[in-house]
Structures are given as C-alpha cells and as structure tokens.
Amino acid sequence: MNIAIIGLGLIGGSIAKTLKKHMPQHTLLGYDTNEQTMYKARLLDAIDADLTDERLGICDMVIVATWPQTAVDYITSHAALIRKGALVMDVCGVKKAVCEPLWQVAEENGFLFVGGHPMAGMEYSGFDHATASLFRNASMILTPPPGTSIQTLESLKHFWRELGFARVVITTPENHDKVIAYTSQLAHVTSSAYIRSPFAMEHHGFSAGSFRDMTRVARLDENMWTELFDLNREPLLAELDHLIEHLTQYREALANGDNETMRSLLREGRERKEITDRKADAP
C-alpha cells in the first residue's frame, strides 16, 4: 500500500526507516518542512518519493508525526484531499486534544482517524537521530473512535508489531492522557526541576547512574513539551499535586528527625517499585 508520513523528525523518521527495513513492499511518501531533512531522507532511501498534496489522494495510510496542534491543523486543512476509506493516524504525546476534533473531521470526510502514541524515544530529536531500532520491544498505544471494527484493530495491531513493537494497547484518549501525565510528563517536569539545583554545575566527580537517570529527559525541546503540558493540563496538575504532597512527607520526616516515618516512606517506595517491576515482567 501507499503510506504517507508527514514530519520526518525522530519519530516520523524512525517510522520511515523501520518501514523501509521491515516492510519494503510498501511505497513510502514523505514530507517535512525542512528541506535539508527531505534531502537526507531521499539520500538515505528512507522514503520512495516526496509527498505532495496531489499524491495525498493515492495514500492508503497517512501518519502525521508532528506536534499536536500542527497535526490537527494539517489533517483538517487537507481532509478533502485524503482518499475516502483511508486510515489516518497521529503519533502525538497527547490524545484527547487531537482525537476529539479529528474524529469529527474524519467522519465528515469519509476516512478513519485513529490516535496513536509510540512509547519510545530518546533525549535527542530530529531525523539525524532517527533509527530503525527505536521501536524494538516498545509499546504502541492506540485510541480508536467508538465503533471501530475488530478487523481494523487487529490489522493495526499487526502493522505496528511488524515495526518491532512488543505490545499494542487500545484505550480511550482520556485514559491515555491521565496515565501519560504520570509515566511521561511528570518525569520530564521532575527532571527539569531537579537539574536546576545550583549543585548541577558542580556535580563532576560526584555523580553516577542515579544522576544520569534523573537528568536524562531534562534534555528536551521546551517548545514542544510546553505545548504537551498545556494540552494535558488537568491530569498533569493532579500528578504534580501528588508528587508535591509526597515530597512534603519526606521533608517533614527529615526535618523532624522522624526516622521511623522516613523508613516507612522509603519502604513503601521500594515495595511499590518491586510490584511495578513484577507487573512489567509478567507475560
């Protein structure tokens, strides 16, 4: 089939490279606003041809790998050009703000829109860091509209598993955004806040794995993450409130010399980590 990818950054570029490696039978058309990226994608055979408005109508699948509002704007403005019956997906980090308007646009224009979010990435962005191994053993989250057929969902599961995903999770946009506020967005806020300590400039020779783990995702695109946080404001605020409450408990125990409470808090944290690890390892 003909597959279009709009946005050839880390995620879109990795989808393109993975498709060319594992599913070369498909024809891949790509588009990015950066002409240098387009040149590299053609040079490295990550795409078969440039995607134009005229060619959009021959595509069976359209994957929009941009920031959320850009994805909504692109699909809305190009809806009349998309082939009837085509499957359109995004791969943004929030789902409610994307799916709610685009489900309506898709219904009005005769194509299917399914939200998607690959749980994979790194602290670097751009096509230069895109790789055909990025999605190996990762999870892919899908948020289809109500009434999507089982056959379509099975086909989508098969497609993403062919790209290396170990698990495909189907959920609602609301549930996705609540969970992702904790598993991803809160981690980025915490990492950014942690690295702002004055000792961050003096850590050399005193840091090891825990420092690297805590600060890895502080290397982020502040423009993109500000948009993601804003579009998922309420769930992220709730998670920040939980974290602040928990940090206050540790602080009070330390300030009061209350070693029993501190020991209890640390024990609870360890036990919760062990439980989550067991669940992650379960088949």
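Which residues line the largest cavity? In this predicted model, the count comes to one cavity of 30 Å³ or more, and the space within the largest cavity amounts to about 30 Å³. Its lining is made up of Ile3, Leu19, Lys20, Met23, His26, Thr27 and Leu28, with helix H1 (10-22) and strand S2 (27-31) each contributing at least two residues. By residue class, this lining comprises four nonpolar, two polar and one charged residue.

Helix H6 (residues 150-162) provides the largest share of the pocket lining, namely five residues, while the lining as a whole divides into seven nonpolar, four polar and two charged residues.

The largest nonpolar core contains 33 residues, within which Ile15, Leu19 and Trp160 have the most contacts. At least two residues of this core are supplied by each of strand S1 (2-6), H1, helix H2 (35-43), strand S4 (61-64), strand S5 (87-90), strand S7 (139-143) and H6, and the largest share, five residues, comes from H1. When neighbours within four places in sequence are left aside, Trp160 is in contact with Ile15, Ile63, Met89, Met140, Leu142, Phe165 and Val168.

How values were computed. Residues numbered from 1 in each chain as written. Predicted model: local features only at pLDDT ≥ 70, side-chain atom pairs only at ≥ 80, totals over all residues. Heavy atoms only, no water. 1 Å grid on protein atoms, 1.4 Å probe; cavity = no way out; pocket = protein on both sides within 12 Å on 5 of 7 lines; lining within 4 Å. Points joined across faces, edges and corners; volume = space filled by probe spheres on them. Helix = DSSP H or I, 4+ residues; strand = E, 2+ residues; numbered from the N terminus. Nonpolar A, V, L, I, M, F, W, Y, C, P; charged D, E, K, R; others polar. Core = buried A, V, L, I, M, F, W, Y, C linked by side-chain atoms within 4.5 Å. Buried < 20%, exposed > 50% of the residue type's maximum accessible area, 1.4 Å probe, protein only. Contact = heavy atoms within 4.5 Å.
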